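Here's a quick briefing on how two parts of one chain sit against each other. Have a look at the structure first, then go through the points below.

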Protein chains: 2
Amino acid sequence: MADKTWSLLLDAELFTPISSPGFASSWQSRLFSPGAMVFDENGIIAVGEQAAIEEKWPRSQAAQVISAAGRLVTPGFVDCHTHPVFHNLRAHEFTMRIQGATYVDISKAGGGIRYSVRDLQQASEEQLLHVLLPRLDRFIANGTTTIEAKSGYGLSVEAELKSLRVLQRAAEQHPVDIVPTFLGAHEVPDAYRGRRQAYLDLVIEEMLPRVVEEGLATFIDVFCEDHVFTAAESRAVLEAGQKAGLAAKIHADQLHDNGGAAVAADVGAVSADHLEHTPEHMDSRLLAAQVVPVMLPGADFFLSSPIYGPARRMIEAGLPVALATDFNPGTCMSESMPMMLTLAGLQMRMTPEETLIAATLHSAMAISAHDRVGSLENGKQADFVIWDARSPAELPYHFGVQLVQSVYKKGRLAFQASAARQRT
Amino acid sequence: MADKTWSLLLDAELFTPISSPGFASSWQSRLFSPGAMVFDENGIIAVGEQAAIEEKWPRSQAAQVISAAGRLVTPGFVDCHTHPVFHNLRAHEFTMRIQGATYVDISKAGGGIRYSVRDLQQASEEQLLHVLLPRLDRFIANGTTTIEAKSGYGLSVEAELKSLRVLQRAAEQHPVDIVPTFLGAHEVPDAYRGRRQAYLDLVIEEMLPRVVEEGLATFIDVFCEDHVFTAAESRAVLEAGQKAGLAAKIHADQLHDNGGAAVAADVGAVSADHLEHTPEHMDSRLLAAQVVPVMLPGADFFLSSPIYGPARRMIEAGLPVALATDFNPGTCMSESMPMMLTLAGLQMRMTPEETLIAATLHSAMAISAHDRVGSLENGKQADFVIWDARSPAELPYHFGVQLVQSVYKKGRLAFQASAARQRT
């Protein structure tokens, strides 16, 4: 037994998903009560009932003892779908929507993604980093320790590279792990209106080689939707990305069923995201092709849509349904995974335990990171959250507030909530 | 001009509602950009454009200069409808509802309010205070500086008095102002099943005189609803309270139109709360009787109801529509007013400015406290929030996260968000 090199977490209501051997999920989890965990900066060494852990790992031998004091402990959230690299907010569009404009109206008036594109093209790398870092602070303050992060508000060679470089710089400075995704095919930029194929050529022949050459992305993604890219175009983008060494993700079937999920199955995408309108017959194809379905209830909520992703149906089909925020300035301005748990419970009838598994282990699968994060199991990173809560159900139940007490990333304290709540 | 006794707030995007001379609201507000405010512990001395303020109140003369650094400043929220005195949470019922149980099913199985009643009766005053104080911390951490707070999980003479005494003790220890309401008529307790009139007699003849004698409440409230108290019973409770010196509030028409709003107009209640099913012809009666309509969108959201309060209709009718959380362990476990602003925008089509006015000035009217709180106008308390935001629209738009940077109560710093967001 190592001496004075490991830390011991005690007195925890310790919740963790349990990994399944294959792709299909058995939705297993454990709640150790009281639970304990032994870890160091290299990873988790042991997890279990406190009595059993303490027998083998006595607290007198620990370099550090952390008491959760009866509080809930979970893995850090893995937010597997975010768009955090933009400059200014689009709060004015929120007001327009409330006054009756649709998302499509706003886009046609030069707003929406096109506004963010003009705005990002004018911003320097420094300015983008300056606004990105506080967003990462809010992710971690709400319990998220790993995010997938997309480019896609650049839509030119230089602006897409700039977006991905900003992610790389942020990752060097911030404890949140960032898995970068190249989303050059997010929209057809104004300069290419009526010349869709010319823009796709730019994405595939100029942007993609530069992104790969500079090592700026792990995934390639495309917005497959009636008013953006067709299924055939989306497939071409993803296959080009795969050929260049990136893994595929896709925005599929958000507003209509236009074959996005089928593209995901055909190319063997790691995840298919949104899926509000994916037909039931696709479920078995997604399972066979090992595509993780990612639900984004925050966007449905923010667009006041009555239609959410078919989470229950896909759970019954054995799919490892994942949850993410879809954080972006137009359709989901929220860095909060607990908020997504609440929406998944109320709107998609997922139980608290299901929402937690979807937001940790399954979302880690959606970015192929489940070998290192997404559960508190031996060998994984010690990424965990101590909550101001006593049970898993409290996270979706006690909504709209920050219940995080502290966050550990790779075994080190990375965030602590304000203790300075002053009383008279 | 006083020397070194006043504080100066500068560089603010300063938003404030403007009080109307009469009861009907003109929904006026001002955004001073950059704005400044002069205040001391007795109240606000001057508010306006920074240049004009500084001419008269030079910063060299100020005892304290606070820079908002271009951030949004608003009045502290007034949450005019909360039920914060309960012991344990009811997260397990949230899970039951997701699995298909209705709120009425849960109540019939001994859950719901009846669970909280048994639970509170067994808790000591100390235990209740111990769980109430962190809830007040969360109110202030989300920008609320004044709450109305109801009893109503006691339902016996001793347990109702205990609940109100806990509120009194908390108010002495915490910067959040508490306006207490006696809600003995929240439910018929188990011991009085089938003996409704006997319970109402207990409320009116035994509880009420004790509450008044000990000076424990400002308002009396009743839950007027098909499965609880009828319109006639509700009226009797409120009139008894008024006769004893309390002002009236009512839970009206939440699940059905059963005449609750009409009772409010008839007795001249200060507010009528919920109103999801209030018919349109009541709007002019509420206006004539000067009853503030309080919308509680958090409860509609939490119950997955498609029906929200008729806010737009009542705004058009000239009514000073107010917003509150309805914070309670069964139907709205959230201390966050910003979350209510988001729901009011998305679900009730209130603009960001309307939601802010409803959550400050109008909610102050709903507890007859608009002479001292609810706007940043001369003579009122210096209760204000500096937000991690630049415009009013950001508060509903940037949802599910805590955007409060700091909170001042009666001119003194009462809460500051964690600065300790650690980066590697």
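In this predicted model, the C-alpha centres of domain 1 and domain 2 of chain A are 29 Å apart. Domain 1 of chain A is built from two stretches, 7-75 and 376-422, while domain 2 of chain A covers 77-365.

**How much the domains share**
- On the contact count, 30 residues of domain 1 of chain A meet 33 residues of domain 2 of chain A.
- Interface size is often quoted as the accessible area lost when the parts come together.
- For domain 1 and domain 2 of chain A, the buried area comes to about 2,600 Å², and carbon and sulfur atoms give 74% of that area.

**Charged and polar pairs**
- Two salt bridges are counted between domain 1 and domain 2 of chain A.
- D177(A) makes a salt bridge with K409(A), with 2.8 Å between the closest N and O atoms.
- Seven residue pairs are in polar contact across the interface of domain 1 and domain 2 of chain A, both residues being at pLDDT 80 or more.

**What domain 1 brings to its side**
- Elements that each supply at least two residues to the side of domain 1 of chain A touching domain 2 of chain A include β1 (7-17), β5 (72-75), β14 (384-387), α16 (394-397), β15 (404-409) and β16 (412-416) of chain A.
- β15(A) gives the most to that side of domain 1 of chain A, with four residues.
- Sorted by class, the side of domain 1 of chain A that touches domain 2 of chain A has 19 nonpolar, seven polar and four charged residues.

Note on methods:
Residues numbered from 1 in each chain as written. Chains lettered and ligands numbered in written order. Predicted model: local features only at pLDDT ≥ 70, side-chain atom pairs only at ≥ 80, totals over all residues. Heavy atoms only, no water. Domains from an automatic or database assignment. Contact = heavy atoms within 4.5 Å. Buried area = accessible area lost by both parts, 1.4 Å probe. Salt bridge = Lys/Arg side-chain N within 4 Å of Asp/Glu carboxyl O. Polar contact = N/O pair within 3.5 Å; in protein donor to acceptor, adjacent residues only side chain to side chain. Nonpolar A, V, L, I, M, F, W, Y, C, P; charged D, E, K, R; others polar.
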